[in-house]
Amino acid sequence: MANEPVATKNTFKRKFPLIVVEAYPWRKHGDHPKDKPVKLHDGTLTGEGLVVGFYKPKHNAYKSCPHACGKDMKDHGSVATGLVCPGDWIVTVGEDKYEHEKPTAFSDKYEAVTVEK
Ligand SMILES: [Zn+2]
């Protein structure tokens, strides 16, 4: 088909219920465009992002990825909605609110849209 819409500025439309969101694929720490690096009090950069944080194991720590993505746990991130595997999408759902989606779920729920600015 000619004139298929092409995503501009990582803008996607959720098919149902219809909302327009920004979304970015996440591959490694610091990858998200709003992932300003976290600084310690002495100014040292941790490499952890403000949007996608480090996966910080607690008592029930995963020794390997429950999604079997094959990546080392240190290469995983976390957002409020849970553990982020490299390759997951980070969807902006509100002011400083982010969700993650597995690639298949993301493509089932969202389609790219062109937004006129
Ligand atoms: Zn994983």
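Author: Two strands are said to pair if DSSP finds at least two bridges between them, and the strands themselves (E, at least two residues), like the helices (H or I, at least four), are DSSP runs numbered from the N terminus. Residues are numbered from 1 along each chain as its sequence is written. What you see is a predicted model, in which local features need pLDDT of at least 70 and side-chain atom pairs count only at pLDDT 80 or more, while totals for chains, interfaces and linings use all residues.

The protein chain has one helix and 10 strands, and its elements run β-β-β-β-β-β-β-β-β-α-β from the N terminus on. Five of the strands form an open sheet in the order 9-8-2-1-10, with antiparallel pairing. The edges of this sheet are strand 9 and strand 10 (residues 110-112), each of which pairs on one side only. Neighbouring strands of the sheet are turned by 40° against each other on average, direction ignored, where the axes are lines fitted to C-alpha atoms (for helices over the stretch in contact) and angles run from 0 to 180 degrees between N-to-C directions.

Strand 8 covers residues 89-94 and is joined to strand 9, antiparallel to it, by five bridges. Trp-89 of this pair stands opposite Glu-101 in strand 9. The hairpin of strand 8 and strand 9 has two residues between the strands, and in it Asp-96 takes a positive phi near 55°. Strand 8 also pairs in the antiparallel sense with strand 2 (residues 19-25), over four bridges, and here Thr-92 in strand 8 is the bridge partner of Glu-22.

To describe the faces and the interior, we need a scale: a residue is buried if 20 or more other C-beta atoms, placed from the backbone, lie within 10 Å of its own, exposed if 12 or fewer do, and partly exposed in between. Strand 9 (residues 97-101) has Tyr-98 and His-100 on its covered face, whereas Lys-97, Glu-99 and Glu-101 are on the uncovered one. A nonpolar core is a set of buried Ala, Val, Leu, Ile, Met, Phe, Trp, Tyr and Cys residues joined through C-beta atoms within 7 Å. The largest such core has 13 residues, and those touching the most other members are Ala-23, Val-52, Val-79, Val-84, Ile-90, Val-91 and Tyr-98. Strand 8 gives the most to this core, with three residues. In soluble globular proteins, nonpolar side chains tend to be buried together.

Two residues are in contact if their C-beta atoms, placed from the backbone, lie within 7 Å. Leaving aside residues up to four places away in sequence, Val-84 touches Trp-26, Val-52, His-76, Gly-77, Ser-78, Val-79 and His-100; among these, His-100 belongs to the covered face of strand 9.

For contrast, look away from this sheet to Glu-48, which lies in strand 4 (residues 45-49). Glu-48 counts as partly exposed because it has 17 C-beta neighbours inside 10 Å. Glu-48 and Trp-89 are 41 residues apart in sequence, and their C-alpha atoms are 17 Å apart in space.
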